[in-house]
Amino acid sequence: MKLTMLGTGNAVVTACYNTCFVLQEGGRYFLVDGGGGNTLLLRLKQADIDWRQIRTVFVTHKHMDHILGILWMMRLICQGMARGEYEGDAVIYGHREVIGLLEDMAGKLLHEKQTQFIGRRLHLVAVEDGEQQRILGRPVTFFDIGSTKDRQFGFSMELPCGNLTCLGDEPLNSFGEKYARGSAWLMHEAFCLESQSSLYNPHEKKHSTVKEACENAARMGVRNLILYHTEDDSLEQRRRLYTEEGRRYFDGNLYVPDDLERIAVCRSC
């Protein structure tokens with residue numbers, strides 16, 4: 001299985017794209033979040049991912065930098081269906097607030113020729129905490145991360161090498177521990193370096209530093225840690241700086257990917 005980071009930045013980045021990614025197994029794709037606009041379409045093109053082959057989407061929460069790109073995907077998919085360019089059905093998962101917002105925005109912003117496919121072939125499906133679906137042929141459990149800002153879900157996918165767990169864009173807490181513990185792969189936000197806390201104030205935004213993310217992964221016995229949803233002021237040096245700090249607190253495999261970087265998540269998949 002391959003993971004392609006379409007974007008790695010936080011909400012207000014300009015030098016990279018907002019955090020979103022695609023999991024791929026063979027010719028099947030699972031898109032997680034969409035970033036804040038139609039740059040999503042450019043990132044898919046640059047990654048050589050055909051949007052016509054994306055059948056499953058998950059939106060973690062309703063913040064602009066995660067949900068607005070999904071509207072462009074909905075428009076593209078519906079247009080493709082109308083033109084006979086998109087075969088089969090598509091499913092977008094999210095919790096009830098996310099699905100309600102997508103339905104509302106689509107009704108107000110998309111043309112009737114596009115929205116006619118919503119509910120018929122483009123299915124907006126609300127999931128509950130602890131609900132399991134099968135995606136890319138793998139069991140996936142969605143869970144409420146316990147955000148105190150806006151309701152947000154993560155997910156854990158069962159792989160032959162162990163679970164891949166995505167915590168959304170907030171730090172690990174007690175709500176996510178049972179999914180993160182012992183994961184082969186953990187995706188954890190890291191807004192900035194510990195030394196930059198006074199500059200970026202990550203805790204005020206309910207985010208963590210690289211040090212804190214790595215401490216969480218070490219405490220959970222994680223083997224592979226992917227850091228994302230970062231600032232972009234240090235983009236050219238980000239990988240080196242984040243890796244240097246992270247190595248002090250986490251001795252597993254540490255990944256600080258750039259936009260469009262691919263990671264072989266489970267070589268046995």
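These legends walk through a predicted model of one chain, from an overview to a few close-up views.

**Figure 1**
Welcome to the predicted model, in which local features need pLDDT of at least 70, side-chain atom pairs count only at pLDDT 80 or more, and totals for chains, interfaces and linings use all residues. Residues are numbered from 1 along each chain as its sequence is written, and side-chain values use heavy atoms, with hydrogens and water left out. Helices (H or I, at least four residues) and strands (E, at least two) are DSSP runs, numbered from the N terminus. Along the principal axes, the C-alpha atoms fill a box of roughly 55 × 40 × 35 Å.

**Figure 2. Burial and contacts across the chain.**
Of the 269 residues, 57% are buried; that means under 20% relative accessible area, with exposed over 50% and partly exposed in between (1.4 Å probe, protein chains only). Contact means heavy atoms within 4.5 Å. Taking contacts between residues at least 6 apart in sequence, 62% join residues at least 24 apart.

**Figure 3. Strand β3 between its partners β2 and β4.**
Here β3 (residues 28-32) has four of its five residues buried, so this strand is largely enclosed by the rest of the structure. Two strands pair if DSSP finds at least two bridges between them. With β2 (residues 20-25), β3 pairs in the antiparallel sense over five bridges; look for E25, whose bridge partner in β3 is R28. Two residues sit between the strands of this hairpin, and G26 takes a positive phi near 65 degrees. With β4 (residues 54-58), the pairing of β3 is parallel, over four bridges, and F30 has T56 as its bridge partner in β4.

**Figure 4. Two leucines with positive phi, L136 and L260.**
Most residues other than glycine have a negative phi. L136 has a phi near 55 degrees and is placed in the loop between β7 (132-135) and β8 (138-144). At 8% relative accessibility, L136 is buried. L260 has a positive phi of about 75 degrees and is found in the loop between β13 (253-255) and β14 (262-264). The relative accessible area of L260 is 29%, making this residue partly exposed.

**Figure 5. L101 in helix α3.**
The helix spans residues 96-109, and L101 is partly exposed at 26% relative accessibility. Leaving aside neighbours within four places in sequence, L101 is in contact with K62 and I67. For a sense of scale, the C-alpha atoms of L101 and L42 are separated by 24 Å, and the two residues are 59 apart along the chain.

**Figure 6. P139 in strand β8 and its contacts.**
This proline is buried, with a relative accessible area of 16%. Which residues does P139 contact, leaving aside its neighbours within four places in sequence? They are Q132, Q133, R134, S156, M157 and E158. The C-alpha atoms of P139 and I70, 69 residues apart along the chain, are separated by 23 Å.
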